[in-house]
Amino acid sequence: MTQNILQLRDFTPSDRELFLGMATDFFTSPALLHPLEKTVLERTWEETVSGNGRLRGLFLECDGHTAGFALVTFYWSTEVGGLTVHTEDLYILPEFRGQKLGECFFRWLEQEYPAARRFALEVTDENPAQRLYSRLGYRVLEYRHMIREPN
């Protein structure tokens with residue numbers, strides 16, 4: 001089998017329907033705790049293409065075909081004294097899974113952000129991608145994630 005070439009490209013405004021279609025599939029999968037409403041996905045799209053730098057949307061392309069997407073956010077962590085690059089979402093279409101695209105994505109991410117002091121992601125217990133993340137050196141950080149969502 002020949003090695004697939006992974007390329008990444010930033011979202012453009014014309015990619016809206018492509019993103020929303022894949023995001024709808026992803027956000028109704030066992031990788032998430034609950035499905036999201038379309039309005040939430042639309043707000044995410046708008047934030048991604050707004051150019052404010054808080055959220056970066058990338059399409060994963062393999063041999064000229066869109067293979068998935070990633071959303072990456074950035075924040076400062078006092079705990080590590082520097083930039084945290086957080087993979088908010090990583091979705092690979094079923095027909096492209098098992099081809100090491102996720103592994104290639106995380107290698108690219110570390111090369112793209114060499115100043116990062118931490119790379120982070122969240123995962124459900126049911127998500128089989130945990131094996132990949134562990135192989136890549138990700139570990140569970142034993143904090144309880146607490147949230148408050150204002151009305």
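Tutor: We can start with the sheet, go on to the helices, and finish with the aromatic rings. Please keep in mind that this is a predicted model, where local features need pLDDT of at least 70, side-chain atom pairs count only at pLDDT 80 or more, and totals for chains, interfaces and linings use all residues. Residues are numbered from 1 along each chain as its sequence is written, and side-chain values use heavy atoms, with hydrogens and water left out.

Student: OK, so how many strands form the sheet, and in what order?

Tutor: There are 5 strands in an open sheet, ordered E1-E2-E3-E4-E5, and their pairing is mixed. Two strands count as paired if DSSP finds at least two bridges between them.

Student: Which ones are the edge strands?

Tutor: E1 and strand E5 (118–121) are the edge strands, and each of them pairs on one side only. From one strand to the next, the twist averages 30°; angles here run from 0 to 180 degrees between N-to-C directions, and axes are lines fitted to C-alpha atoms, for helices over the stretch in contact.

Student: What does E2 pair with, and in which sense?

Tutor: E2 pairs with E1 in the antiparallel sense over 5 bridges, and 8 bridges join E2 to strand E3 (residues 65–77), again running antiparallel. On the E3 side, glutamate 61 stands opposite threonine 66.

Student: And what sits between E2 and E3?

Tutor: E2 and E3 form a hairpin with 2 residues between them, and aspartate 63 in that turn has a positive phi of about 50°.

Student: Is E2 mostly covered or mostly open?

Tutor: Strand E2 (residues 55–62) is mostly covered, since 8 of its 8 residues are buried, where buried means under 20% relative accessible area, exposed over 50%, and partly exposed in between (1.4 Å probe, protein chains only). Both faces are covered, with Leu55, Gly57, Phe59 and Glu61 buried on one side and Arg56, Leu58, Leu60 and Cys62 buried on the other.

Student: Switching to helices, how do H1 and H2 cross?

Tutor: The axes of H1 and H2 come within 10 Å and cross at roughly 135°. The two helices are therefore oblique to each other, a label for angles left over once those under 35 degrees count as roughly parallel, over 145 as roughly antiparallel and 65 to 115 as roughly perpendicular.

Student: Which residues of H1 and H2 meet there?

Tutor: Arg16, Phe19, Leu20, Ala23 and Thr24 in H1 meet Leu41, Glu42, Thr44, Trp45 and Glu46 in H2, and contact here means heavy atoms within 4.5 Å. Phe19, Leu20, Met22, Ala23 and Phe26 are buried in H1, and the buried residues of this helix pack against H2, E2, E3 and E4.

Student: Where do H2 and H3 lie on the sheet?

Tutor: H2 lies across E2 and E3, running at about 95° to E2. H3 lies across E1, E2, E3, strand E4 (82–92) and E5, and runs at about 155° to E4.

Student: Now the rings: how many aromatic pairs are there?

Tutor: The structure holds 15 aromatic pairs. Rings of Phe, Tyr and Trp (its six-membered ring) pair if their centres lie within 6.5 Å, and planes under 30 degrees apart count as stacked, over 60 as edge-to-face and the rest as tilted. One of the pairs is phenylalanine 11 with tryptophan 45, which is stacked at 5.4 Å centre to centre with 25° between the planes.

Student: Why does that pair tie together separate parts?

Tutor: Phenylalanine 11 lies in the loop between strand E1 (6–10) and helix H1 (16–26), whereas tryptophan 45 lies in helix H2 (residues 38–49), so the pair ties together parts that are 34 residues apart in sequence. Phenylalanine 11 counts as buried at 10% relative accessibility, and tryptophan 45 is buried with a relative accessible area of 2%.

Student: What about phenylalanine 106 and tyrosine 133?

Tutor: Their ring centres are 5.6 Å apart and their planes are at 80°, so phenylalanine 106 and tyrosine 133 make an edge-to-face pair. Both phenylalanine 106 and tyrosine 133 are buried.

Technical notes
Helices (H or I, at least four residues) and strands (E, at least two) are DSSP runs, numbered from the N terminus.
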